[in-house]
Amino acid sequence: MTAAAIPAFDTGDKPAARGRIPGNHGIWVGITCEFVEFLLLFTVYFVARAHFPDAFESDAARLSIVAGTVITLLMVTSSFFIACSVATMRAGRRRASIWWLVAGLVVALGYPLAKYLEIQWNVAHGINGASGIFFTVYYYLTFTHLVHGFWGILGMLWVLVRHLNNGYTAENHSGLEALASYWHATDIIWLIIFPLCYVLA
Amino acid sequence: MKANDTARPAALTPLVLSWFALVCLTFVGLGLSQGDMRGIWFQLLVAALVWFKGWIVARYFIESHLAHPFIATVVRVFVLCVPLALVLTALLGERFARLATL
C-alpha cells in the first residue's frame, strides 16, 4: 500500500461545519460503547424495579446516603477540575492546566477510597450481593461504574505523564480533551446511578 | 515547566457556575429523598433533576452543542433515557412490569 492510499489521520481538532470531535474519534467509540453498556444495565434496573417496587423502595433506604453523596461530590468536582484543565490548556496556560489535572486526579482517587469504605459499611450492616434483588442490581451497577472509574484514573495518569513531557499545546491537546470527555461521560453515568440507588428510597 | 508566552485568560466562570449548580442540585435531590414527598411527583421531580444535571455536564463540560451531530445526539439520547424511564415507570408501573415479563 502506498502512502497515497492511506487516508490522512484526522485528529478531530479542527472545527468543521458539522461540529467538532471533542478529543478524538476513538474515545467517542469507547464512550458510545460505555453508554450502550450502561443502558443495558439501566434496563435491567427498571425491569427489576417494575417487578419488585417494594424491595427497591425499602432496600435503597438501607444504603449509606452519605457514601453516595460523597462519591457524587467527588465525581462532579473531579470532572470540573478536568474541564478547567482543558480550558486553561486551550488558553495556552500549560502550567495551570497541569495543576488542574493533578487536582482532578487527586479528587478522582477519592472515589475508589469512598467506595471501599462504603463496601465496608455495607458488610458491617449485613448488605451483600445476595441480600435481595435491589442489592444485586446495585452492586452490578456500582461495581461496573467503579471499573470505568479505574479506566479514567489510569487515563489521567497517562495524560499527566504526557502533559509533563510537553505532550500538549494550546493548538493540539486532543489527548487531554479525550480523557476529559471520557471522565465527563463517566460522571454523567454516576449522576444517573446516584438517584436510582440512593435517592429513590 | 516553562511558562507559556501566548497565555490568555481561560473562561472558567461557566465551569465554576456549572459545578456549583451540580452541587446544589445534588443537595436538592438529597432534600427530596429525606422529605415526606413520595409517589409519582417525587419520581417526576427526580427524573427532572437527573435530566438537568446530565444536561449541565453535557452542555458545559463536554460542550456537546459544539460537537459533531452524532456525538451531540448520542449524549442527548443517553441523558434523556433514564429520566424517560423514570416517568414511564411512575405513570405506567404495573403495565410496564407486564410488558417486561418474559
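A residue is called buried if 20 or more other C-beta atoms lie within 10 Å of its own, exposed if 12 or fewer do, and partly exposed in between, with the C-beta atoms placed from the backbone. By that count, 44% of the 201 residues of chain A are buried.

Now the provenance. This is a predicted model, in which local features need pLDDT of at least 70 and side-chain atom pairs count only at pLDDT 80 or more, while totals for chains, interfaces and linings use all residues. Residues are numbered from 1 along each chain as its sequence is written, and chains are lettered from A and ligands numbered from 1 in the order in which they are written.

Chain A, then. Helices and strands here are DSSP runs numbered from the N terminus, with at least four residues of H or I for a helix and at least two of E for a strand. Chain A has six helices and zero strands. Along the principal axes, its C-alpha atoms fill a box of roughly 60 × 35 × 30 Å. Two residues are in contact if their C-beta atoms, again placed from the backbone, lie within 7 Å. Taking the contacts in chain A between residues at least 6 apart in sequence, 79% join residues at least 24 apart.

Next, the core. A nonpolar core is a set of buried Ala, Val, Leu, Ile, Met, Phe, Trp, Tyr and Cys residues joined through C-beta atoms within 7 Å. The largest one has 81 residues, and A:L179 and A:I188 are among those with the most contacts inside it. Helix α6 of chain A, residues 174-199, gives the most to this core, with 18 residues. Setting aside neighbours within four places in sequence, A:L179 touches A:G155, A:M156 and A:V159.

On to packing of one helix pair. The axes of α3 (residues 65-90) and α4 (residues 94-124) of chain A come within 8 Å and cross at roughly 165 degrees; axes are lines fitted to C-alpha atoms, for helices over the stretch in contact, and angles run from 0 to 180 degrees between N-to-C directions. That makes α3(A) roughly antiparallel to α4(A), a label for angles over 145 degrees.

Most residues other than glycine have a negative phi. A:N166, however, has a positive phi, near 60 degrees, and sits in the loop between α5 (133-164) and α6 of chain A. B:E63 also has a positive phi near 60 degrees, in the loop between α2 (40-62) and α3 (69-99) of chain B. Which of them is buried, and which exposed? A:N166 counts as exposed because it has 10 C-beta neighbours inside 10 Å, whereas B:E63 counts as buried because it has 21.

Last, the contact between the chains. It takes 47 residues from chain B and 46 residues from chain A. On the chain B side, α1 (13-34), α2 and α3 each supply at least two residues, and α3(B) gives the most, with 13. That side divides into 34 nonpolar, ten polar and three charged residues, where Ala, Val, Leu, Ile, Met, Phe, Trp, Tyr, Cys and Pro count as nonpolar, Asp, Glu, Lys and Arg as charged, and the others, Gly among them, as polar.

Terms used:
Parallel < 35°, antiparallel > 145°, perpendicular 65-115°, else oblique.
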